[in-house]
Amino acid sequence: MTATAQPIGALLLKRWRDPAAWMTTADIFVVLLALSLPWSTSLVGIFAVVTVLVMLPTVDAAAFIASLKRPISAVPIALFALALVGTLWSDARWGMRFYAVAPTAKFLLLPLLFYHFERSQRGLWVFTAFLASCVVLLAMSWLVDFYPNLTLKAKAVASPGVFVKNYIDQSQEFALCAVALAFPIASLLRAKKIALALLLGVVALGFLANMAFVIVSRTALVTIPIMLAVFAVLHLRWRTTLMILCAAMVAGVVAWAVSPLLQEKISSIGREYRLYEDHGATTSVGERLEFWRKSLRFFVEAPIVGHGTGSTEGLFEQAAAGQTGIAAEVIRNPHNQTLNVAVQWGVIGIVVLYAMWFSHLALFRGEGLFNWIGLLVVVQNIFTSLFNSHLFDFHEGWMYVLGVGVAGGLVLSANGTAGAHARKPS
């Protein structure tokens with residue numbers, strides 16, 4: 001029995017000290033994070049913590065510290081540091097200050113993901129897992145649309161075709177997957193792998209059909225054409241782009257004609273604006289305009305360093321005093337990423353925010369699937385953040401961290417920078 005136990009113990013110790021084993025374990029947990037993202041918030045938090053823990057044994061301290069000098073890693077850390085330091089001049093209660101710091105903490109994982117996937121070549125596993133998870137969610141969305149009782153949402157907050165979470169998060173996932181598939185479909189068609197291209201095409205159309213006939217957010221409707229235009233400009237010849245543009249316009253007109261959902265979503269924008277302007281009605285469009293107007297005023301009051309971390313709710317409380325209707329609403333999130341940052345940290349915050357976006361855009365300026373995925377994630381986040389604070393929102397923020405971090409590491413590896421900043425495990 002002792003003779004048997006000794007080899008097992010020695011084997012476990014060897015595996016414990018094996019960097020390659022830790023690398024594989026870390027890859028598995030990042031895959032699990034991607035699988036869970038469309039379904040759960042608690043699982044994402046758990047897998048994120050475990051991912052960091054299992055990555056640490058693989059880190060060469062000197063190489064990792066050297067990698068932090070790159071803007072793509074330094075700026076996300078700077079955004080977290082600014083949120084933390086911003087608690088010092090905020091008038092909010094301390095609990096609210098640290099609550100407002102929390103959404104920026106996930107950006108600390110970006111440098112670690114860059115470093116890890118410079119050395120690991122399993123990043124495609126992560127994106128495949130996310131796509132597969134979204135396909136399952138797509139199937140559940142169709143089922144819930146036909147059988148509403150299948151939803152896990154409470155009846156009071158349930159939406160058609162939403163099994164878990166909400167229709168905004170679901171639309172972000174489906175839009176990202178649908179447009180991201182354009183690159184592999186085009187590549188497969190060029191390679192004359194028609195069957196696989198058709199399969200992925202059906203999946204992409206499934207996402208688009210769900211958004212056209214089941215449920216979609218207006219933010220997704222605005223950003224999908226922008227993302228498709230980016231793909232056409234970067235990856236297609238101008239004649240092909242013109243043909244696809246014409247086809248897309250025809251498809252859009254047809255979808256509009258046969259989809260009451262699209263008609264309602266688009267026409268409601270103008271209707272809600274008129275109700276807000278003419279009657280002061282509480283509408284989604286009116287709320288955003290009111291939040292933006294007040295946030296701009298708060299920014300002007302403290303333009304350099306802002307009002308401090310977590311100050312937004314208190315400012316809206318003061319502005320709501322003596323008001324009625326939509327002007328009396330108190331929020332923590334002005335539904336615009338730039339204004340959310342500007343109110344709390346002023347021009348300094350805006351500079352850091354845009355430095356992060358632009359450094360990550362520059363990272364993905366090359367060719368290839370991972371450049372495309374990373375670029376698409378950043379572009380989607382920038383434009384959806386015109387109408388939401390998606391970097392600070394849990395779901396969309398994690399989509400950004402996971403997409404940019406994994407794709408960025410793979411791009412850095414392909415560009416040959418891995419050797420300068422990281423050693424591959426032996």
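Helices in this predicted model are DSSP runs (H or I) of at least four residues, numbered from the N terminus. Helix α15, by this assignment, spans residues 284-301 and contains both Glu290 and Arg293. These two residues are three positions apart, about one turn of the helix.

Five salt bridges were found in a search of the whole structure. Side chains of opposite charge can pair when their charged atoms come close. Glu290 is buried, at a relative accessible area of 5%, whereas Arg293 is partly exposed, at 45%. A salt bridge also links Glu290 to Lys294, with an N to O distance of 4.0 Å. Lys294 likewise lies in helix α15, four residues from Glu290 and again about one turn of the helix away. The relative accessibility of Lys294 is 3%, and this residue therefore counts as buried, the cut-off being under 20%.

A further salt bridge joins Arg332 and Glu313, whose closest N and O atoms are 3.3 Å apart. Arg332 is located in the loop between α16 (312-320) and α17 (337-363), while Glu313 belongs to helix α16, so the pair ties together parts that are 19 residues apart in sequence. Arg332 is partly exposed, with a relative accessibility of 40%; Glu313, at 17%, is buried.

With regard to shared partners, Glu290, Arg293 and Lys294 are joined into one network of salt bridges.

Conventions:
Residues numbered from 1 in each chain as written. Predicted model: local features only at pLDDT ≥ 70, side-chain atom pairs only at ≥ 80, totals over all residues. Heavy atoms only, no water. Salt bridge = Lys/Arg side-chain N within 4 Å of Asp/Glu carboxyl O. Buried < 20%, exposed > 50% of the residue type's maximum accessible area, 1.4 Å probe, protein only.
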